[in-house]
Amino acid sequence: MANEKKFEVHLLPDLLPVYYGRLFPYEQYYKWLSYGNVPKTYFPHREFSFTLADDIYLRPKDHRTVTAFVPLEKELVFDIDMTDYDEVRYCCSGADICLLCWKYMAVAVEILDIGLREDFGFNHILWVFSGRRGVHGWVCDARARSLSQLARSAVAEYLQVVRGGENQTKKVIFNSSDLHPFINLIPDPELRENLSKVMPKCCNSLQRWETIKNEIEGMKNKKKSFTHLTTEIMFQLIYPRLDINVSKGINHLLKSPFSIHPKTGRVCVPFNASDAYAFNPLRVPTISDLIEEVGEFDKTRTGEAVKITDYKKTSMKSSIFVFEKFLSGLSKENAARRLEENGWCMI
Amino acid sequence: MSFSTGKAMITYFHTKIIMEIYSTKAFRRKQKILVESSYSSSLQFYSEPPTGNITLKEFDELSFLRAIERINLSGHAKNSEEWMQKIFEDFQKNKFFIISADKIGGTKNEDVINARRKDHLSHFILRLAYCRSEELRRWFVAQETDLFRARFVRVAKMGADFSSFLKENNLHFSQISEEELKQESVNLMMATYNINSVDQLEDKTFFKVPFVEALELVRNRKVFLKKGFAYVPSSDLVTLVSTVFRSKLSQALTATYKALPQIEDDERLYSLKDFDKRHTGSDYSQKKSASGQQITPEMLNHLSTTSFPLCMRHMHEYLNTQHHLKHGGRMQYGLFLKAAGLKLEDALKFWRSHFTKNMDVDKFEKQYAYNIRHNYGKEGKRTDYTPYSCMKIITTNVGAGDCHGCPFKHNDSNILKQKLINYQVSSDIVNEILDLTNKHHYQIACQRYFEAKHHSTIESGVNHPNQYFEESVAILHGTKTPNKAASTPNIKYQHSVLTSQSQASPSTQSQNAADISGVESMLFDDDDDMDDALFEVAMQTDVNS
Ligand code: SF4
Ligand SMILES: [Zn+2]
């Protein structure tokens, strides 16, 4: 499964039917989106999105009611995309991602997960690698699914600290090569001066950060604006950068978990927030890996292989396990709602 | 029949309608209304429709909403002290009845009760008018909520006790216990806006509500959140209450809208049907031009310099040099011309004359004529052929090669500046306009431009290019005295109201046009407009009486 080899995009049309025919976890998927079928007509009203080659989003429609399809409710979703971090990362840019910049994602997931659970009291949150360079968060509590648009945007704005990017961040120019670029975030000339003297002596980012912190600490009493400066810099650098428009609406489609990214061929796998730092996006299996794996498995163990569900023969197994655990939490909530709908109440 | 009986008749007429509307099935829920008779609080949730007599003064409520919109547009930060002050200064200045409704404590005198009743009634009348489209509903809910909020804060400052108000409207916000307050004191101190030390928590009480009930505070990170609950300081009660107010009102408007088909066939409702169009200024879609005038292609060159707002003037000039407009421009300008009184045949002639400079007639007929006809499409079809409002134009997307949109928003300052200078706008006004556009006050900038050209103002502000046009024509033709908009046309009403009621009077159309006031000419236009005009008259007479 370990692979750094390039995925061959042109194979996708041949591989997708095999993947969706043999490997895609339909059973769990249905279980997820039917939400215990409370109300009973729930599943038929859902809309799904799978991506085929070339960013064509497939939005199947119910052909009996082609007119005005309005999703009745939808998970509260979050989209964190590595490209929004381009101004604070120096290893890669654009669509690229490496283990260094994945840390930004891990931090984002950690912060959002805590915020959504502790502040907003949500319990059923699914984090999914988007297949290339980002993460999607799906908040699936019944309470979240029925939020109004206004409420969604309020939640998103509450969580979004770094805002108003576009035209302001572009003004931050990181040009001086011997300075650490972070210094340009420092508004005070005197402090900047001091830092530019000591910074070149540092040899890694930890040292640099310690130096900055110490310098600011030393000057804290002089200027009021320094009180929060360390924290502010920290926030600007690592706080989750959300594509807040995705969270606001109920019409925006995110690629579904377990779909295949059309460029990288990687599966959009769910992972636990607590494992975010250990997660390696470059090791997520591609569709070709999976199909190879099934073939290998079947070849070696002919007899028993027949009885085992195909995905269990692949490296996707652990991700499906994550998904199932998430589902079992959800089913408790569904059970309670079903009782309630039938006029029972839990005492 | 004297003037006053005429007025009484109108009053009676509308009273009946309103009562009947709200007692149709669609609205009949709890019929017995107790709140209304007493009006115990200055503020209302307007949960139940009014009963009893209605006089037309109640429309005044629209003026409050307008005033609030104006103040919001003029750049005062919403909910700030300054904003509050401006609003109530405005109310006081105009002697709006709402001021009396907000008296608290002591004995409630007749005035107070009457004012509250008016508040109640006019709110319900406006609902009928403002439920009709998404845009209108949004506008209405936004202004009503602002009004509610401003009044709430004001009466709270005067020392009002809200407990009975909360009880009457079934609002329960549970307070946290002493224990919980102690337990969370550090969190509350850190997370609550305006509280910076634990000492400040001493005499505070907090409500604990599901976070969706305090969205404004959540959005701005001004409250402590825990497990889905917001801890709202009692000083922010207003936010909680106005959130409920907002959501109730928006539900109620949707319900009213859904009930409309059942009640709309009632011919007596005709006057309410187009109410919004004439009073929000946001819709000029009547089949006739709203100004009742007709214009021809030959007049456009002249009119574009005297009476078109900048956006339209710009497109007209572009057309004169390039003889082409892209789709967005054809829609924006074409619909404007339609509402300004250009007939379909003339429109085709006009566009053809330009476009055929670049293409042959055949291509024009095949590719472009259809869409122009379409814009003049059959009425009753549910497509939007409404000329664009400023709001729509300002928020529109303007791409490469497009020349539609609002110049105050979509032009670079130096281009706008050059244009204004070319139009002989004096340099200090130009600077003022540029300053306004930099602060995103596009419509106010447009108003300045209007003032510079007419030495008179549009009192309600510029909301619609066609409104701009009509105001301009009215002033230039002297049918309207600059700055004294409401007072002039008053005297002739007695006559016109009464005659038009008994007959549709085409004969009077021959009157000397210059003598006819704006309202009167509408009155005599034709049968259809009779109710509209009655309505208009009644409103204005009441404003002035
Ligand atoms: S404010 Fe309205 S009328 Fe004035 S230029 Fe802009 S869009 Fe046209
Ligand atoms: Zn990287």
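Predicted model: local features only at pLDDT ≥ 70, side-chain atom pairs only at ≥ 80, totals over all residues.
## The interface between chain A and chain B

Chain A brings 18 residues to the contact, while chain B brings 12 residues. Across this interface, 9 residue pairs are in polar contact, with both residues at pLDDT 80 or more.

Two helices of chain A, H3 (99–119) and H5 (149–159), each provide at least two residues of the side that touches chain B. The most is given by H5(A), with 7 residues. By residue class, the side of chain A that touches chain B consists of 9 nonpolar, 3 polar and 6 charged residues.

## Salt bridges

Side chains of opposite charge can pair when their charged atoms come close. The structure as a whole holds 16 salt bridges over all chains, and 2 salt bridges are counted between chain A and chain B.

One salt bridge joins Glu157(A) to Arg219(B), with the closest N and O atoms 3.1 Å apart. Another is formed by the side chains of Glu118(A) and Lys227(B), at 3.7 Å from N to O. Glu118(A) belongs to helix H3 of chain A, whereas Lys227(B) sits in the loop between strand S2 (224–226) and strand S3 (229–233) of chain B, so this pair joins two chains.

## An aromatic pair in chain A

A pair of aromatic rings is described by the distance of the centres and the angle of the planes. Over all chains, the count is 42 aromatic pairs. One example is Trp32(A) with Trp138(A): the ring centres are 5.2 Å apart and the planes stand at 80°, so the pair is edge-to-face, since an angle over 60 degrees counts as such.

This pair links distant parts of the chain. Trp32(A) lies in helix H2 (residues 26–34) of chain A and Trp138(A) in strand S5 (residues 134–139) of chain A, and the two are 106 residues apart.

## The surroundings of His314(B)

His314(B) is part of helix H16 (residues 310–322) of chain B. Which residues does His314(B) contact, leaving aside its neighbours within four places in sequence? They are Cys403(B) and Lys419(B). With Lys419(B), the contact includes a polar contact between the two side chains, at 3.2 Å.

His404(B) may also be considered here. His314(B) and His404(B) are 90 residues apart in sequence, and their C-alpha atoms are 8.3 Å apart in space.

## Confidence in the model

The model has an ipTM of 0.79 and a pTM of 0.60. For chain A the mean pLDDT is 76, and 73% of its residues reach 70 or more. The pLDDT is below 50 over residues 51–70 of chain A, a stretch with 28 contacts in the model beyond near neighbours in sequence. It is also below 50 over residues 163–182 of chain A, where there are 20 contacts beyond near neighbours in sequence.

For chain B the mean pLDDT is 72, and 70% of its residues reach 70 or more. Over residues 26–36 of chain B the pLDDT is below 50, and this stretch has 21 contacts beyond near neighbours in sequence. Residues 276–283 of chain B also have pLDDT below 50, with 29 contacts in the model beyond near neighbours in sequence.

Terms used: Residues numbered from 1 in each chain as written. Chains lettered and ligands numbered in written order. Heavy atoms only, no water. Contact = heavy atoms within 4.5 Å. Salt bridge = Lys/Arg side-chain N within 4 Å of Asp/Glu carboxyl O. Polar contact = N/O pair within 3.5 Å; in protein donor to acceptor, adjacent residues only side chain to side chain. Helix = DSSP H or I, 4+ residues; strand = E, 2+ residues; numbered from the N terminus. Nonpolar A, V, L, I, M, F, W, Y, C, P; charged D, E, K, R; others polar. pLDDT = per-residue confidence, 0-100. Phe/Tyr/Trp six-rings, centres within 6.5 Å; stacked < 30°, edge-to-face > 60°.
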